Each structure stands twice: as C-alpha cells, then as structure tokens.
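This report walks a new reader through a protein model, one topic at a time. Please keep the sequence and the three-dimensional view at hand while reading.

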Amino acid sequence: MSSKRTKLNFTFAVHDFHRRGGHERSNLELLRRLRKKFKIEAFAYELEHEEDFDDVEFSEVKPRIHKPDSLKIFYFLLVSFYKFCLLPRFRGEKRSRILSTGTASCVSDIVQVQFVNARWKRSAVFPENAWGTYQKVLLAFHILVERIVYRPEKKYIAISNSVREELEEEFQLKNIDVIHHGVDTKDFRPVAASDGESIRGLRKEFRVAEGRIVILFVGAYERKGLASAIEGFAGIPGPLLANACLIAVGGGNREFYRQIAKNYNVESKVILLPNRADIAEIYRMSDIFLLPTRYEPFGLVVLEAMASGLPVVVSASAGAAELIEDGVNGQLLKDPKNGQEISLALARLIEDQGLRIKLGEAARATALQHDWDIVADAYAALIG
C-alpha cells in the first residue's frame, strides 16, 4: 500500500465497474485513481479485471443480476441497506463513508449524479407496445427511488451545470458541486500509424470498405437519438452518402432501428452493434461522431470522441456541450430532432476534410484539459 494514501475507510457503492457502458466506465476510471489516495472498499456486482485492483477491498454483490433492470436495482438497494445500515447498527459499529452513483444506494453520504430521471420524463417518448410499457414502468420506479434517495442532508456531485440545475429544481437540493466527467486521454487518442492493422480488422469485421467515411453513434439508442441520427444520415446528399456509413454502438431494440433504416432505404449503410469493450479502437476507426440526444446530462462518449480527435456533432442541450464552442471544437445542434439540420452538419464534414481535421484537433486539445487524473484530484479534494 502506498505511504501517500490516507487511512480513511471509504466505500464506493455502484452497480458495476466495467468498460461496457458510459456510467460504468466512469466508475471504473474514478476507482482506478481514487484508490491511490484512499483505502477503498468497492461494493458492486462486478469489478472488471479484479486482479488489477488488489489494493481495493472488493465486496461482490451476489447473485450478479444483469436483467431485468428493475430487479437489479431493487436487489442492490436491499443489499446495500442491509450491509451499510442494518448490520452496523446490529453490531454497534460505525460504517464507513459512502460515495454512490445516482440511486444505487439509499445509504450514502456523497452522491455523484449522472442522470436525473425526473427530468428525463419530460422529454421521454416510448413506443406504444409492450417494450414501451415496460420502459414507462421502469422510469416511474427510477423516479420513485430518486425521491427516496435524494435527501437535502447529503453532499452531491453533479457531472454538469445542467444536472446541478435539475437537482435544484426537481428536488430542491443545495449542497451541490459540479465536476465534469473526465476521459482517459491515453486510451482515447487520435489514430496513429501503428493502429493500421487493428483498424483494418475492425473494418473487415463490420464490412466497411476502405476509405469510406464512418459516422459513429454511441449510447442508448432511444434516449441518445438514434432515430434522428438515422434520419439525418439518410438525408445526406446522394454523392456524399454513397461514401459514408453509420455505425451505432449501444443498447436498444436493434430490430426496431433496423426497420427505421430500411424505411429510409439506408439499411445497408447502418450497422447496429451492442456495447463493446473495444470502443476506443472503434472511435479511432471512425471519422465523425454524432449524438443528437434529446436528454443528456453530460455524455461521456462525447468527451471520449473528442479525446480521440474526432469532430463531434452534438445536441446543444447535452451537458458536454458546456465544453464545446460551435464551429471551433465541434458542431452543436440547436434541434436534435431536426433531421435536415443533422444532414447539413454531416454533409459539411464529409465534404471538407480540412474542417474535420481542424475541429478534431481542437476537440482533442479540449479533452486534454479533462483527463481523469485531473478529475480524480477534484473528487479527492471534495471527499477530503
């Protein structure tokens, strides 16, 4: 154990620490760095590459539940309440301080908030089918848990100014600090000559012809605006569209979005993929990043794309837009549901390689100011 680490007992309680999703990836990056400053217990279903964290006390929540989300969340709440509230009281012990993410645990001292379901409800649109009904019920459950967990006596870390405002408006909270998400600028980096073989391998796997412009979308299909992305992509003028494809990496009903692509006659140019651990390599094989999300508290994927040197086209309402100056280090969409606006932004970048390079280089410079090491220092100062 490093002699520089404090003797503070500190518990990081979240559902998962892994690289297959934005929230989970940010948890993992913070844990990786905060363990150098604190003695940490990681309380979660999963800690990816646990063998690399031998200086962290990993308390694995069993059984490991993946789906359905409602059961996963509810079970974690029960187990964390027993471990951090009932058990210490029964034993007459003092529990450690707890940092949790969102509504992961109702027993927490510091809550990092990455998403506000009560605000998402205002813009959420669900299909009128069984899946849509399930999503409505799940959202109502999330909001109920938020009402229970978000108490005024706790300390909060919002990942953007917009999240801070939402917490103030929805829950009348006051003790809120803003710390933007970070990015691993070594892992997420611009393409280099040494990446040639891996990029050729990915293009072969995805059946993307050499030289074709790759537009990348990453995130939950519904909330991040994949339907608008497909519409905007399909509206690119013919000659430019012929040399482009759209790759969407994330979670959602792939058949539903495959049908949307088919309705726009671009099904052969839209590639739908699940979340992948090799997302950094996929950024490097891409040329443009697109995220026309309707609601986005921050958007870790935006910062990862910027760190990878990609020109980004992002909703002006996204939290990460706080780091973007339109036309300088990215392009902002005033109306992410406007397919024509998306088409024009994409066509401009496809046609002008110089603009792609200029915006990508400026985006990388911005991302370097938000490396996870810098962000972890801010967390450590706040945690004390």
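Predicted model: local features only at pLDDT ≥ 70, side-chain atom pairs only at ≥ 80, totals over all residues.

**Aromatic rings**

A pair of aromatic rings is described by the distance of the centres and the angle of the planes. In this model the count of such pairs comes to 13. One of them joins F10 and F38, and this pair is tilted because the ring centres are 5.6 Å apart and the planes stand at 40°. The two residues belong to distant parts of the chain, 28 residues apart, with F10 placed in strand 1 (residues 9-13) and F38 in the loop between helix 1 (22-34) and strand 3 (39-44). F10 is buried, its relative accessible area being 0%, and F38 counts as buried as well, at 3% relative accessibility. Another tilted pair is formed by Y283 and F289, both of which are buried. The values for these two pairs are set out here.

| Ring pair | Centre to centre | Angle between planes |
|---|---|---|
| F10 and F38 | 5.6 Å | 40° |
| Y283 and F289 | 6.2 Å | 45° |

Elsewhere, F43, Y45, F76 and F84 are linked into a cluster by ring pairs.

**An enclosed space and an open one**

Rolling a probe the size of a water molecule over the atoms shows where empty space is left. One cavity of 30 Å³ or more is counted, and the space in the largest cavity is about 30 Å³. The lining of this cavity is made up of R25, E29, G182, V183, D184, F188, L300, E304 and W372, with helix 1 and helix 12 (300-307) as the elements that give two or more residues to it. Sorted by class, this lining has four nonpolar, one polar and four charged residues.

The second largest pocket holds about 520 Å³ of space. It is lined by 24 residues, of which V191, R284, S286, D287 and L310 are the closest to its centre. Helix 6 (196-206), helix 11 (279-284) and helix 14 (353-368) each contribute at least two residues to the lining of this pocket, and the largest share, six residues, comes from helix 14. The classes in the lining of the second largest pocket are eight nonpolar, seven polar and nine charged residues.

**A loop residue**

Apart from its neighbours within four places in sequence, E210 is in contact with R200 and R203. E210 also lies 9.9 Å from I199, C-alpha to C-alpha, while the two are eleven residues apart in sequence.

Technical notes
Residues numbered from 1 in each chain as written. Heavy atoms only, no water. 1 Å grid on protein atoms, 1.4 Å probe; cavity = no way out; pocket = protein on both sides within 12 Å on 5 of 7 lines; lining within 4 Å. Points joined across faces, edges and corners; volume = space filled by probe spheres on them. Helix = DSSP H or I, 4+ residues; strand = E, 2+ residues; numbered from the N terminus. Nonpolar A, V, L, I, M, F, W, Y, C, P; charged D, E, K, R; others polar. Contact = heavy atoms within 4.5 Å. Phe/Tyr/Trp six-rings, centres within 6.5 Å; stacked < 30°, edge-to-face > 60°. Buried < 20%, exposed > 50% of the residue type's maximum accessible area, 1.4 Å probe, protein only.
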